[in-house]
Amino acid sequence: MLKRFFGNRHYRVLYAFVAFFLLVSFLVRLVLYLMDLSLATPGFVGTLRIFVTGLFYDLGVASFFVLAYSLYLLLLPRRLTNTLFNKVITYCGFFLAVLIA
């Protein structure tokens with residue numbers, strides 16, 4: 001079932017952006033946590049709480065970022081998937097989303 005969900009070529013850029021966004025957000029959070037370890041909540045539970053809260057926040061932000069592109073992909077006919085128009089829209093949207101994030 002996961003192969004059917006993630007194997008769709010139509011949405012690969014969307015999945016890649018969400019994974020990229022979550023990875024970069026995690027790395028930024030980890031670096032900031034390690035830089036200011038003395039002010040962070042001590043202990044495993046406090047650290048876990050920081051990262052889980054951050055993950056939920058990042059999932060929410062990522063869902064807002066991909067909402068417009070997912071609607072575009074939903075409405076785009078399959079025959080237009082490999083056109084120059086679609087590639088320009090996809091690359092420009094990906095660039096803007098990375099720039100804003």
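At 24% relative accessibility, Phe65 counts as partly exposed, because the buried class ends under 20% and the exposed class begins over 50%. The model is predicted, and the values below are computed from it. Phe65 takes part in aromatic pairs with Phe17 and with Phe21, whereas helix H4 contributes 5 residues, the largest share, to the lining of the largest pocket.

**Aromatic pairs**

- The structure holds 8 aromatic pairs, one of which joins Phe17 and Phe65 in an edge-to-face arrangement, with 6.2 Å from centre to centre and 85° between the planes.
- Phe17 belongs to helix H2 and Phe65 to helix H3, so this pair ties together parts of the chain that lie 48 residues apart in sequence.
- Phe17 is buried, its relative accessible area being 6%.
- In the pair of Phe21 and Phe65, the ring centres are 5.9 Å apart and the planes stand at 65°, so this pair too is edge-to-face, given that an angle over 60 degrees counts as such.
- Ring pairs join Phe17, Phe20, Phe21, Phe65 and Phe94 into a cluster.

**Helix H4**

- Helix H4 covers residues 84-100, which makes 17 residues, and its span of 24 Å from the first C-alpha to the last is close to the 24 Å expected at 1.5 Å a residue.
- Asn86, Thr90 and Ala97 are buried in H4, and seen down the axis of H4 its buried residues fall within an arc of 40°, so they line one face of the helix.
- The face of H4 that is turned away from the buried side carries the exposed residues Leu84, Phe85, Tyr91, Phe95 and Leu99.
- The cover over the buried residues of H4 includes helix H2 (12-35) and helix H3 (44-75).

**Largest pocket**

- The largest pocket holds about 290 Å³ of space, and of the 13 residues that line it, Arg9, Val13, Thr81, Asn86 and Thr90 are the closest to its centre.
- H2, H3 and H4 are the elements that give two or more residues to the lining of this pocket.

Definitions and conventions:
Residues numbered from 1 in each chain as written. Predicted model: local features only at pLDDT ≥ 70, side-chain atom pairs only at ≥ 80, totals over all residues. Heavy atoms only, no water. Helix = DSSP H or I, 4+ residues; strand = E, 2+ residues; numbered from the N terminus. Expected span 1.5 Å × (residues − 1). Buried < 20%, exposed > 50% of the residue type's maximum accessible area, 1.4 Å probe, protein only. Arc of directions from axis to C-beta. Contact = heavy atoms within 4.5 Å. Phe/Tyr/Trp six-rings, centres within 6.5 Å; stacked < 30°, edge-to-face > 60°. 1 Å grid on protein atoms, 1.4 Å probe; cavity = no way out; pocket = protein on both sides within 12 Å on 5 of 7 lines; lining within 4 Å. Points joined across faces, edges and corners; volume = space filled by probe spheres on them.
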